[in-house]
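Work through the exercises below with the model open. Each task is followed by a stepwise solution.

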Amino acid sequence: MSKAKAQELIRTAQREGRTTLSEYEAKQLLAAYDIPVTREILVQQREALTDAVRRIGCPLVLKGCAARIAHKTEKNLVRVDVRSEAEALAIFDELMAAMAGEADAAVLAQEMVSGRRELVVGLTRDPQFGACVMFGLGGIFTEILKDISFRKAPLEPRDALEMMHEIKGRKILEAVRGMPAADTAALARILIQVGAIGLELDSVAEIDLNPVILAGAKPVAVDALVVLK
Amino acid sequence: MGAAVSTTDFERIFHPRNLAIVGVSKEGLGFGAGICNSLRAIGYGGEIYLVNPKGGTWNGQTLYPRVEDIPGRFDLAIIAVAAPAVPAALEACRMKGAAGASIVSSGFKELGTAEGIALEQEILAIARRGIRVIGPNCFGIYCPRSGLTMLPGPDLSRQSGPIGFSSQSGGMAVDFANLGKSMGLQFSKMVSFGNGADLRETELLQYFGEDPETRVVGMYIEGVRDGEAFFQALRATAARKPVIVNKGGLSDAGARAVQSHTASMGGSGRIWPAILRQANAVQVRSMAEMADACQAFTLLPGRVYRNLTVLGGGGALGVAAADAAETCGLSIPPFDDALAGRIDALLPKPGSSPGNPVDVANPFVAPRTLKEIMRLAASDPRIDLQIFNSLIHHYKNMARITGRPVREVTPYLELADDIQAVVAETGKPIVVILFNPKSGMDHLDVVEMFADARRAFVQRGIPVFNTLSEGLRAIGHLNAYYERKRS
């Protein structure tokens with residue numbers, strides 16, 4: 001893992017006076033900590049899109065990406081299941097138009113991770129206990145059900161496994177409806193590493209990885225928000 | 001944080017050879033005089049030196065005008081003078097070589113005034129020069145072994161026991177001391193530390209962790225000074241002995257200025273329970289639940305209990321037991337036919353059922369028969385704990401019919417002896433549920449009999465709970481702790 005790379009990403013954002021990383025930067029930070037993220041390419045110029053679509057492969061996801069926009073879904077900047085280069089080009093124009101005024105507006109071309117189980121992993125800083133990691137049901141259920149658990153960093157593998165066991169919806173991690181049991185060791189590693197980010201990178205205030213999708217058994221962070229102090 | 005407390009300091013603080021009470025008013029009943037009365041009543045054995053600037057005598061005892069005038073040495077001072085006079089009194093006690101001082105007086109940081117905060121800073125500065133301070137704004141220490149008490153009331157028990165308890169709130173401490181006495185819980189040491197200017201939750205937790213007299217630690221917490229140090233101490237202590245925590249104030253106060261869902265959902269109402277679980281502390285939500293948990297942890301052998309028998313009667317016993325058990329991750333497995341048959345042969349007919357649960361139907365089944373049933377039930381190798389749901393309140397009816405007092409017609413002593421014998425013989429603990437539906441003014445004789453019965457059971461090492469669900473909840477705490485204990 002590369003703490004230096006993560007710090008460089010943070011410094012860049014701070015130099016630009018930003019309090020959040022863009023999704024693309026956030027994913028790079030996570031990848032630097034060995035957290036599995038979607039394969040993705042940031043496309044700033046329209047002419048680079050076709051190549052990106054070919055490299056990621058259809059179907060794919062296109063997301064409007066700008067550092068100041070924290071919640072893309074609410075702003076209608078996410079298009080899933082894009083099936084052709086032509087469709088991608090049209091969506092590119094649409095997303096860029098919707099982000100007019102954002103200096104760093106770009107489109108993130110992202111592999112479409114297929115999986116029906118969405119989880120959330122996060123980091124918060126408690127005023128008493130410092131960096132705390134969250135785990136729970138992801139996607140829209142995060143806010144609706146608040147089926148979540150917390151542990152203070154650093155996490156031992158046992159803590160991470162207990163967090164998974166503690167949520168009411170824990171059965172989602174088991175083999176259900178033809179889907180395989182989740183790779184809990186990989187999930188535990190994500191939780192432990194998010195805790196490590198909290199301990200090692202003081203300027204990271206909050207993290208949301210939502211959703212973390214189970215692609216088969218393997219968890220992948222599909223969207224990421226990193227808030228800086 | 002002050003320097004780490006040496007065991008010697010704590011030894012002198014909890015078992016002081018002599019005491020000084022600074023601030024004993026001659027008129028009325030101030031804190032100082034009240035504490036002196038309590039100490040005499042509980043039978044504290046050392047010298048108690050009293051200080052009052054006016055001198056003279058009080059109840060035949062010399063009042064020394066100044067701490068400096070005290071002729072002998074003392075290990076612990078109790079300071080009850082007005083807040084502005086506290087720093088000078090504390091410094092004088094330090095100069096006299098006292099190991100600690102409990103400052104009962106209020107009028108410090110809790111006021112939120114500049115003067116109060118400055119006075120508390122002065123106290124802390126003196127403490128750092130070499131005297132440990134409990135308080136200010138607290139009730140201080142109760143230690144049955146040394147006959148040391150500063151809690152209001154002269155009637156606390158002298159019986160020392162396994163529970164160490166610390167509390168920010170003085171009211172919680174005095175209530176718990178009294179509740180404990182009523183329930184038969186026994187304390188090693190109890191400390192109400194109020195503002196906690198010097199000694200507070202984390203050091204006391206570490207001390208209780210080391211203290212061989214303390215087997216179970218209880219804490220009432222509102223806030224901690226250093227979350228990291230507290231967490232480390234909590235985890236280390238819980239790895240050695242059970243720590244039961246009642247955290248007051250768990251509501252998620254106020255929206256915080258955060259951007260992520262994680263931070264918006266991570267208020268103290270979520271983080272505190274997580275921290276306690278991570279450290280393998282037992283979280284309770286009331287002092288009654290704390291008392292139940294203390295009883296389970298002190299009277300039941302420390303292990304995980306899975307399969308129970310339930311024996312007794314009462315409204316929908318089987319259904320209620322099954323529901324409560326499931327909530328706590330316990331099960332009540334049915335007996336096989338052979339065992340059920342042997343139990344059935346002992347039961348009155350009709351209306352009984354050999355279970356498990358065993359419904360005896362008739363509340364007047366003789367203890368010797370109940371004893372036989374409990375022995376048989378324990379022979380099921382799956383069973384690791386038995387619950388006896390008592391129906392002794394029905395003996396009030398028998399008392400009325402026979403014209404004899406309910407205490408005489410209720411065979412609770414025999415029952416207590418029998419249960420104790422079955423536990424000894426089978427190695428499987430029995431928990432008694434003493435639910436009294438007859439507790440009104442017309443049944444004060446039943447209330448009294450229940451208190452007597454409770455004492456009889458607890459004295460024999462048999463835990464008693466008021467209701468089945470409270471008992472099972474306490475057992476659930478025990479299970480959770482021993483399942484997760486880090487070895």
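**Exercise 1. Find the residue that follows H3(A) and describe its phi.**

The model is predicted: local features need pLDDT of at least 70, side-chain atom pairs count only at pLDDT 80 or more, and totals for chains, interfaces and linings use all residues. Residues are numbered from 1 along each chain as its sequence is written, while chains are lettered from A and ligands numbered from 1 in the order in which they are written.

**Exercise 2. List the buried residues of helix H3 of chain A, and explain which side they take.**

Solution. Step 1: apply the cut-offs. A residue is buried if 20 or more other C-beta atoms lie within 10 Å of its own, exposed if 12 or fewer, and partly exposed in between, with C-beta atoms placed from the backbone. Step 2: in H3 (residues 49-56), the buried residues are A:Leu49, A:Ala52, A:Val53 and A:Ile56. Step 3: they share one side of H3(A) because their arc around the axis is only 100°. The arc is that of the directions from the helix axis to the C-beta atoms. The general rule: an α-helix has 3.6 residues a turn, so residues three or four places apart point the same way. Step 4: turn to the other side of H3(A). A:Arg54 and A:Arg55 are exposed there. Step 5: look for the cover. Strands S2 (40-43), S3 (60-65) and S5 (106-111) and helix H4 (85-98) of chain A are among the elements over the buried residues.

**Exercise 3. How many residues does each chain give to the contact, and which element of chain A gives the most?**

Solution. Step 2: chain A gives 26 residues and chain B gives 17 residues. Step 3: on the chain A side, S8(A) gives the most, with 5 residues. Step 4: sort that side by class. It has 10 nonpolar, 8 polar and 8 charged residues. Here Ala, Val, Leu, Ile, Met, Phe, Trp, Tyr, Cys and Pro count as nonpolar, Asp, Glu, Lys and Arg as charged, and the others, Gly among them, as polar.

**Exercise 4. Which residues does B:Val22 touch?**

Solution. Step 1: leave out residues up to four places away in sequence. Step 2: read off the partners. They are B:Val51, B:Val67, B:Ala77, B:Ile78, B:Ile79, B:Ala80, B:Val81 and B:Ala89.

Technical notes:
Two residues are in contact if their C-beta atoms, placed from the backbone, lie within 7 Å. Helices (H or I, at least four residues) and strands (E, at least two) are DSSP runs, numbered from the N terminus.
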